[in-house]
Structure formats: structure tokens, C-alpha cells
Amino acid sequence: MPIWKRNLFVCWFGMFVAGIGMSQIAPVLPLYIQHLGVHSASSIAQLSGIAFGVTYIISAVFSPIWGHFADKFGRKPMILRASLGMALVIGCMGFAPNVYVLIGLRLLQGVITGYGTACTALIATQTDKEHAGYALGTLSTGSIAGSLIGPIIGGFIEETLGFQPVFFITGALLLIAFVLTALFVKESFVRRDKKAVGIKETWKSVPEKSLTIILLVTFFVITLGLYSIEPIVTVYVTQLTKGSGHVALLAGLAFSASGLANIIAAPRLGKLSDKIGAHKVMLGALIVAGIIYIPQAFVENSWQLMGLRFLLGLAIAGLNPSVNTLVKKITPDSLTGGVFGFSMSAGYLGVFGGSVLGGQVAAYFGIKYVFFVTSALLLINAVWVYFKVYKKLCLTEKLEM
């Protein structure tokens, strides 16, 4: 097996487990907080929101910092640091004596982040150009699938084994990822700039700032759209099933359908981007995803919603690898970790922003408008990408020919 494929296999597993680790707490969080001694419904809701959101907000702050260190010391050391750190912190959540310790550990989890940044930078820099789109496309399925399937896994473990095993099992899987990385991941890292460069200097050194900003905003909008349904999916499924049983299971399936589609389609669309250009795949995927959101507002049962969510996952599968491939293309290798750190920050803010947006729009205007607003954001982003990215890169291709 070529080294880049072996690296990809190990990093994909780690990204998948890390995605589960970030999201598996969502369905059990209110119940676990109640288990820790909080019994007021309003307090549980408030503390659940803080405990869930704090990880993503802190991760958004620290991702560029760890990306900078990845460029300074190598990507493999950062993968080892993050996987071991998250294994210990998530495992300790099972021993939390009260909700404040739990929130503190969730905050520490956000500080330790950087696993996805380091993995993406390693795969981008250690994979040859002919396979970069495929490799980054495959890698992107790991974190997305883990994030989307995580709530189902967390809920299933909690129902069958209890609260604490949710954290212990996730911690053990991350420990396995740490061992696999230490044994099998190979990196040829030579630090080109011997002088330490800060985050501000890293940004100043980025050659294509305007294009990079567009790609970061696009990644934010993609993630925001994917998670905008999270706060309202259970309520929406309840309305669609008209009070029948298995609402939690159907809601989990509806939310995770896009994750399954992503796993199937992302490597293939990554290969396609290698052939025809990542900018073309990104524009097409944005338009299709924006359109698919609209009929979700008019479904009559949960199975129709699942089908449309699956189609949405197929479209979004073309977005993450395209963004990562373009970031790699316009970024020097010496700055890759730092720039991918900015990209991961945009993604974490998208998760948090999507959750907030979905809840607020549903509360003030109704659930259907969540889909309309998200569709509008994606289509507006598509227009921006067309004029600022697609046309520019198509012109560059013609000049190179």
C-alpha cells in the first residue's frame, strides 16, 4: 500500500472517531446533566446549550493556533497530541461529579482540538497532486460521517449501557487512533522557515487572500446549512409522524442520512474534481444543495425527509473536498497547516451558527422557513463563487492552455 493511502486510512479513522467524540454527547447531554443533579427544565436547557456550544466556539479559536504549530513542528506530532488529549478528556467526562466539571471538560476539549486541522494538512502535503482531490474527499467523509452518526451512536450506547460508557468507549477509540497514528502514519516534514511565524504573519503571507476568504466563507455556509436542521429535526419528525412511536430513531435517521450519502459520494466527487477542476464541482454542488433544501419544507412524512436529506448529502459531498483541494492549490506547503486551521475554525463556527440559526428561525417564523433561509444562503454563496472563483479559475485554465 502506498504511504499516502496508509496515511489516509489511519487519518480517516481518527477523523471519524473525533467527529463522533465532538457530537456523540448531543442526545445524552440533557439527560446526563439531569443525572448530575440539575432538575429544573429551564436550567437543563440552558446548561445543555452552554456545554454543547462551548466546545465549538473554543475550537474555532484554537484551530488556527494548532495549525500554526503543525507548520512549525510537523503534522504528525499535532495528530498525536490531539488524539491522546481528546481520549483522556472525553474519558474523564464519564467521571464528572457535577455539571460545572462537565462544562470545564467540554471547554478543555475545545482547547485540545486540532486533530482535523493536522490530518487535513498532512494528507494535503503528503499526497501527490494526481490523487489530492480523491484523498481530501475521502478524508472529509470521516469527520462529517462521525459528526452526523455520532448522535445516533451516543443515544444507542446510552440506552443499552448507560451514560458513562458513551464517554469511555469514545475515549478508547481515540486512544486506538493515537496508537495507529504513532505506528503507521509517515510524514516527510522539513520546516522551511526556521524562524517562528505567528498567526498574523501566516495570514499576511497567504498569496491569494481574497480567494481564501471566499473559500472560508463557503466552508462556513456549507457547515451552517448542514447543521441548521439539528435543533428542529426531532420536532419536525414529530409533526410528520403525527405522534406515532420511534420519533427519536426516525429523527436520528433523518439527520444521519446525509452523513451516509457523504461517505458514498465524497471520494467519487473528489476524483471528479481532480479531472475537471474543483471549482466546477464546488459551484455545481452549491447550486444543487441550495435547490434540494426547498422541497424539504413540503414533505408529508419522515421517509420523504430522509430521502431528500440523502440527496442533500450527495450534493454536499462535493463541497468539502473541493474547498480543501482549492485551499491546497493556492496555499504554499509551508502555510498549509495554518490556513487549514482557519478553515476548521470556519467549520466549527458553522456548526454552532447552524444550530443557533435553525432554532431561532424555527422559533420566530416556523420550521419550514429554516429550509428556505438555508437554501437562500447557499444559492447566494453560489452566485458569489461563480463570479469570484469559478470565472477567475476558468480564465486561468484557458491562459495555461
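Two residues are in contact when they have heavy atoms within 4.5 Å of each other. The model is predicted.

**Overall build**

The protein chain holds 17 helices and zero strands. Its radius of gyration is 20 Å, close to the 21 Å that the globule rule gives for 401 residues, so the chain is as compact as a globular protein of that length. Along the principal axes, the C-alpha atoms fill a box of roughly 60 × 45 × 40 Å.

Of the 401 residues in the protein chain, 56% are buried. The accessible surface of the chain comes to about 16700 Å². Carbon and sulfur atoms supply 70% of that surface. Among contacts with a separation of 6 or more, 86% join residues 24 or more positions apart.

**Helix α6**

Helix α6 covers residues 115-126. At 1.5 Å a residue, its twelve residues should span 16 Å. The end C-alpha atoms are 16 Å apart, which agrees. The helix is mostly covered, with eleven of its twelve residues buried. The buried set runs through Tyr 115, Gly 116, Thr 117, Ala 118, Cys 119, Thr 120, Ala 121, Leu 122, Ile 123, Ala 124 and Thr 125. An α-helix has 3.6 residues a turn, so residues three or four places apart point the same way.

Leu 326 sits in helix α15, residues 320-330. Its relative accessibility is 4%, so Leu 326 counts as buried, the cut-off being under 20%. Beyond its neighbours within four places in sequence, Leu 326 is in contact with Leu 215, Ala 278, His 279, Met 282, Val 389 and Leu 393.

Thr 241 belongs to helix α11, residues 233-241. Thr 241 is also buried, at a relative accessible area of 14%.

The table gives one C-alpha pair for each residue.

| Pair | Separation along the chain | C-alpha distance |
|---|---|---|
| Leu 326 and Leu 211 | 115 residues | 9.2 Å |
| Thr 241 and Val 10 | 231 residues | 40 Å |

For Thr 241 and Val 10, 231 residues apart along the chain, the C-alpha separation is 40 Å.

Conventions
Residues numbered from 1 in each chain as written. Predicted model: local features only at pLDDT ≥ 70, side-chain atom pairs only at ≥ 80, totals over all residues. Heavy atoms only, no water. Helix = DSSP H or I, 4+ residues; strand = E, 2+ residues; numbered from the N terminus. Expected span 1.5 Å × (residues − 1). Buried < 20%, exposed > 50% of the residue type's maximum accessible area, 1.4 Å probe, protein only. Rg over C-alpha atoms; globule rule 2.2 N^0.38 Å. Areas by Shrake-Rupley, 256 points an atom, 1.4 Å probe, with all protein chains shown as cover.
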